[in-house]
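Hi everyone, and thanks for coming. Let me put the structure up on the screen, and then I'll walk you through a few places in it.

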Amino acid sequence: MKFFEESRYRKIHVLLLGLIAFTLPFPLILNSVLIILCIALLIFQGYLIKAVQNASKNLYVILLWLLFLLYIISAFFSKNQHEGFAIIERKASFIILPLLIFAFPVSTSEIKKICELFVFGVLLAFIICIGYAFYQVLCNSRELELFFYQKLTTVLNMNAVYMASYCIIALHIALYFSKEYHKVLIATASISLIIFCVLLNSKMMLVCLCLGLINFAFKKLSRLQALLASSIILVSMFFVGVGVPKVKERIALEVNSNMSVIKQDTFRYDTPFTGTSLRLVFWRFSKEIIKENNGWLMGAHTGDFQDLLNEKYKRNGIYTGNLELKDTGYLGYGPHNQY
């Protein structure tokens with residue numbers, strides 16, 4: 001028994017997709033509830049089989065589903081199966097989101113509305129984060145660090161790097177549809193998103209922002225205009241790098257990284273890591289773990305990789321926290337590598 005007529009249900013489905021996009025920059029629970037509601041309606045309306053058929057025609061979806069299948073197979077071989085299946089639950093969007101996206105052919109105007117909601121969501125997140133930072137500084141005499149990196153997004157319980165990636169995507173959407181809106185509106189949205197991305201202070205995302213804007217310029221402008229725009233972008237990013245203290249500080253730390261720590265076998269609690277050197281050490285550990293567990297084909301298993309990394313950190317003297325300070329150090333840090 002269907003709850004809605006097809007035409008009405010289609011509108012509800014597109015609205016839910018828009019709300020899912022809108023809530024991406026906000027706490028996970030809100031986004032998850034909308035996804036569950038959307039998939040539940042899809043099932044009760046009897047469109048699940050149709051959604052599977054439509055989604056399976058897309059090569060990228062097939063590859064995504066095969067990756068998810070590898071997660072499941074690997075979880076059965078995990079010693080820590082509880083963690084393995086908990087990870088599978090968190091990765092369920094690999095299966096669900098393609099079904100929601102391909103359930104119906106979505107028109108260009110509907111895609112545009114979904115994109116608008118996403119951009120509005122990111123801009124609203126910017127206002128909330130900035131507003132909360134100002135409140136903390138003015139009312140509680142807190143440090144200006146609240147305007148940068150992870151502390152800026154604390155109020156939304158969102159990772160700063162994820163938020164920065166949303167900023168870049170939203171910026172490109174705004175530029176893509178720029179001809180359909182007032183120039184002042186697009187300029188205001190674009191400048192706000194760039195400022196948000198700079199304040200989020202992810203080195204990797206700032207590079208992506210710069211390269212993405214240059215790529216966009218060469219796709220949409222004449223060669224001469226693109227070269228001029230690229231020069232302005234590069235000069236602007238240079239002045240951001242030397243003129244914004246917190247950005248300059250993070251860049252200086254990376255430039256002055258002591259890369260010799262990468263080859264060390266033992267470490268101390270005060271070993272001076274930077275983001276790059278720390279990540280390279282973790283990648284080295286990951287390679288050693290895969291070699292030790294003969295996991296070149298299936299990795300170190302879905303539920304076990306973090307346990308193995310934590311053990312490796314302890315054996316090699318990586319800082320694992322202070323119980324008195326309720327600090328867990330680098331325990332739980334992963335390599336950012338699904339394999």
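Let me begin with a term: a crossing of two helices is left-handed if the near helix is turned anticlockwise from the far one by less than a right angle, and right-handed if clockwise. Before we use it, please keep in mind that this is a predicted model, where local features need pLDDT of at least 70, side-chain atom pairs count only at pLDDT 80 or more, and totals for chains, interfaces and linings use all residues. Residues are numbered from 1 along each chain as its sequence is written, and side-chain values use heavy atoms, with hydrogens and water left out.

Helices here are DSSP runs of H or I with at least four residues, strands are E runs of at least two, and both are numbered from the N terminus. Two packed helices are described by the angle between their axes and the distance between the axes. The axes are lines fitted to C-alpha atoms, for helices over the stretch in contact, and angles run from 0 to 180 degrees between N-to-C directions.

So, on to our pair. Helix α14, residues 275–292, packs against helix α15, residues 305–316, at about 110 degrees, and their axes are 10 Å apart. That angle makes α14 roughly perpendicular to α15 (under 35 degrees is roughly parallel, over 145 roughly antiparallel, 65 to 115 roughly perpendicular, and the rest oblique). And the handedness? The crossing of α14 and α15 is right-handed.

Who makes the contact, meaning heavy atoms within 4.5 Å? From α14 come F282, R284, F285, S286, E288, I289 and E292, and from α15 come L308, L309, K312, Y313, R315 and N316. Those residues divide into six nonpolar, two polar and five charged. In this count, Ala, Val, Leu, Ile, Met, Phe, Trp, Tyr, Cys and Pro are nonpolar, Asp, Glu, Lys and Arg are charged, and the others, Gly among them, are polar.

Now for the salt bridges, each a side-chain nitrogen of Lys or Arg within 4 Å of a carboxyl oxygen of Asp or Glu. The structure holds ten of them. One joins R284 and D265, at 3.7 Å from N to O. R284 sits in helix α14 and D265 in the loop between α13 and α14, so this pair ties together parts 19 residues apart in sequence. R284 counts as buried at 18% relative accessibility, while D265 is exposed at 54% (buried is under 20% relative accessible area, exposed over 50%, partly exposed in between, with a 1.4 Å probe and protein chains only). Salt bridges with shared partners link D265, R284, E288, E292 and K312 into one network.

Another bridge pairs E180 with K112, at 2.5 Å from N to O. E180 lies in the loop between α9 (160–176) and α10, and K112 in helix α7 (residues 108–140), so the pair ties together parts 68 residues apart in sequence. E180 is partly exposed, at 49%.

Two last stops. S202 is in the loop between α10 (183–200) and α11 (203–220), and it is buried, at 5%. Setting aside neighbours within four places in sequence, S202 touches Y149, V161 and R250.

G334 belongs to the segment after α15 and is buried too, at 18%. Beyond neighbours within four places in sequence, G334 contacts R279, F282, Q306 and L309. F282 and L309 are also among the residues where α14 meets α15, which brings us back to our helix pair.

Conventions:
Contact = heavy atoms within 4.5 Å.
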